[in-house]
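Please look over the model below before reading the numbered points.

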Amino acid sequence: MAASSQTAPLTDSSQPHVGFDPKKLKAQVRTAERRKTLRALALVAPLFLFVLVFFLFPIGSLLERSVNSPEFVTIFPQSAAILHKSDNLKTLDEQAFYGTLFEELQIAAKERSFGPVGRRLNQDVTGFISLFKKTARKIKKEKQRPADAKAWFLSQNENWGNPTYLHAMKRASSAWTDFYMLTALDLQRSDGGSIIAVEDEKALFVDILIRTMEISLGVTLICVILGYPVAWVLAHTTDTMRNILLIGVLFPFWTSLLVRTAAWIIVLQKEGPINSMLQSLHIIDEPLQLVFNRFGVYVALTHILLPFLVLPLYSVMKAIPNDYMRAAKSLGAKPWIAFIRVYLPQSLPGLSAGAILVFILSIGYYITPALVGGPKDQMISYFIAFYTNNTINWGLASALAFILLVVTLVFYALYQRVTGGKAGMGV
Amino acid sequence: MIRLDPSLSKSERISVIATWIAALLVILFLMAPIITIVPLSFTSDSLLSYPIPDWSLRWYEVLFGSDMWMRALWNSLYIAFFATILAMILGTVASVGLTSPNFPFKGAVMGLLLTPMIVPIIITAVASYFFYAKLGLTNSYLGMILAHALLGTPFVVITVTATLLGFDSNQVRAAYSLGCKPIPTFFKIVVPQIQPGIISGGLFAFVTSFDEVIVALFMAGTEQFTLPRQMFAGIRENIDPTIAAVASVMILISLILLLGIQWVTARSEKLKAGKT
């Protein structure tokens, strides 16, 4: 690269070497090197910028939503400031607070801009949406700010003086908030400001996290048990046979996820081939419920993720020489002891890489559990989608995404460590 | 078929045979849904169950006569095609830069470029949805193409950097010294040799886009519904044999792509073997 600058001194050879200057040559080399570096950077720049703008930045702003909710501060800046200044409401200047709240709510009511604030506060304490709506309807008719703003608010609805409501507003009075992260962990801030567990009937997300981990671990374990013999056979057979069997592993791997999920629903449904076969063999009288429950999730997820375990494991097993097993046995080890102490440890890097990969992919799964699972089999991804689309609670969706991302990255780091940075799929 | 080492004892033979049986059963499990769904697409019945009363192409007629499914097929091919082209260009150019010995912080940058592959797709989908909405790119073909191209780039980077490691960069210097300019050198010397990497990366990117449903779920309007997205809607409503027919068409497409990748890999291995 940088051809012109490199060839320049050479073409000058017609001139005597009187003016040869090592410093100048060094500088030229340095310029050439720098130009090469710049060229390499320029080549990477388009993709880097693409990933930065269309991926890293959006992910960053998504994560920001989980700790930043500026609705209250934006629409009611001064009321929020007064609340924020007060030391846990004990030192709240009530007249100033209700006075500014009156003015700001009046403006917001006329501009119809209080909606997001009501929804945001409603996520903390149910009842805020109707409280805002009803009061806003009345406040539009008021000509001027009443002398006793607090009394006016209380006459509209006594919840305006309810400490539970006031504390919720106080918690929302700063744009930065731990509200969503705490909610995602079944925690909340008490009115006193300390972190406590939410009431049992509201606790939901720790269960979902545990369920996600449980299903993923289960799928990983099943994949290990089913995948080990397949990888072993692939690594210890003739080339022709290996190629035939590999097609059996790779073909489903390449088949669309949705196709496989649909196929499993068809296979496992009540009128499906499995049930009709079992019935015609008189093993069962009534068709079994095999899909839209946990069983279906395990079957479909295992089917989809099994190749991710088999392929890296196979590529490691392929490299294990047969001699070690023979040596162990010739030294008197029983076959199964030789297997456990000689073969298994050597296959462990492939096994752990595959298992971690399956686990990582499994915790983030959405489509398959959504289609083949029942309501009690949905994993964390489902709830991220749910709070984004159905119940609009983007802060909570982001907090759940944050947790999922952290768990994924932790296990990815582990995966990197296990594989030494080389992600071998063996094909 | 089964290589039984003559030195094995009887109990070892039994365990080897047992392992084989287990492995074959697992492979049967892997193939089972595909084996089941394809014949069902040729049923004359409107129920998806065995035994199949009579064979017919009825559901393929429904499928190929349906504007909705044909548009979905067209959308899938259209979006996957442009997403792949974009991913191939960005990924290949970046790979050339990344493999230059002068590139600083190679590991970190490479790691960053591969993140779209690591981050759970639901997070990418939700994040993209918020971001593209601000740009007015949700419910648009451009938005889908950009989002899918992003998911495809890591595969291109991985395959192309891998092939570039085996590329002798002295050839570039030779070309320069013979007076060839950088851009013609790239197309005449570098590209033909790293072509297998570019093509297999491109195929991976194509499959990624062609199979992708979660980003489509958030980003695509009905106008942009892809085949998987339409299937998702179909599975949710009711599964009729049209779904089996779509599935069979998609299986055929995956088979073609899989064979394509196998062919490219085999060819590049032959090239490598020829070189040494």
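Notes on the predicted model

1. A:Arg294 counts as partly exposed because 17 other C-beta atoms lie within 10 Å. (A residue is buried with 20 or more other C-beta atoms within 10 Å of its own, exposed with 12 or fewer, and partly exposed in between; C-beta atoms are placed from the backbone.) A:Arg294 is part of helix α15 of chain A.

2. The model is predicted: local features need pLDDT of at least 70, side-chain atom pairs count only at pLDDT 80 or more, and totals for chains, interfaces and linings use all residues. Residues are numbered from 1 along each chain as its sequence is written, while chains are lettered from A and ligands numbered from 1 in the order in which they are written.

3. A:Phe292 sits in the loop between α14 (273–280) and α15 (294–317) of chain A. Helices (H or I, at least four residues) and strands (E, at least two) are DSSP runs, numbered from the N terminus. The phi of A:Phe292 is near 65°, a positive value in a residue other than glycine. A:Phe292 is partly exposed, because it has 17 C-beta neighbours inside 10 Å.

4. A:Arg112 also deserves a check. Its phi is near 55°, a positive value in a residue other than glycine, and its place is the loop between α5 and α6 of chain A. A:Arg112 has 9 C-beta neighbours inside 10 Å and so counts as exposed.

5. Which residues of α7(A) are buried? They are A:Phe128, A:Phe132, A:Thr135 and A:Ile139. Seen down the helix axis, the buried residues of α7(A) fall within an arc of 80°, so they line one face of the helix; the arc is that of the directions from the helix axis to the C-beta atoms. An α-helix has 3.6 residues a turn, so residues three or four places apart point the same way. On the other side of α7(A), A:Lys134 and A:Arg137 are exposed. The cover over the buried residues includes α5 (94–111), α6 (115–124) and α8 (149–156) of chain A, where contact means that the C-beta atoms of two residues, placed from the backbone, lie within 7 Å.

6. In chain A, the domain assignment gives domain 1 (3–65), domain 2 (71–177) and domain 3 (205–419). Such bounds come from an automatic or database domain assignment. The C-alpha centres of domain 2 of chain A and domain 3 of chain A are 51 Å apart.

7. Chain B has 11 helices and 0 strands. Its radius of gyration is 24 Å, whereas a compact globule of 276 residues would have one near 19 Å. That radius is taken over C-alpha atoms, and the globule rule is 2.2 Å times the number of residues to the power 0.38. Buried residues make up 44% of the 276 residues in chain B.

8. The contact between the chains takes 73 residues from chain B and 69 residues from chain A. On the side of chain B that touches chain A, the largest share, 17 residues, comes from α1(B). The residues of this side of chain B divide into 57 nonpolar, 13 polar and 3 charged. (Ala, Val, Leu, Ile, Met, Phe, Trp, Tyr, Cys and Pro count as nonpolar, Asp, Glu, Lys and Arg as charged, and the others, Gly among them, as polar.)
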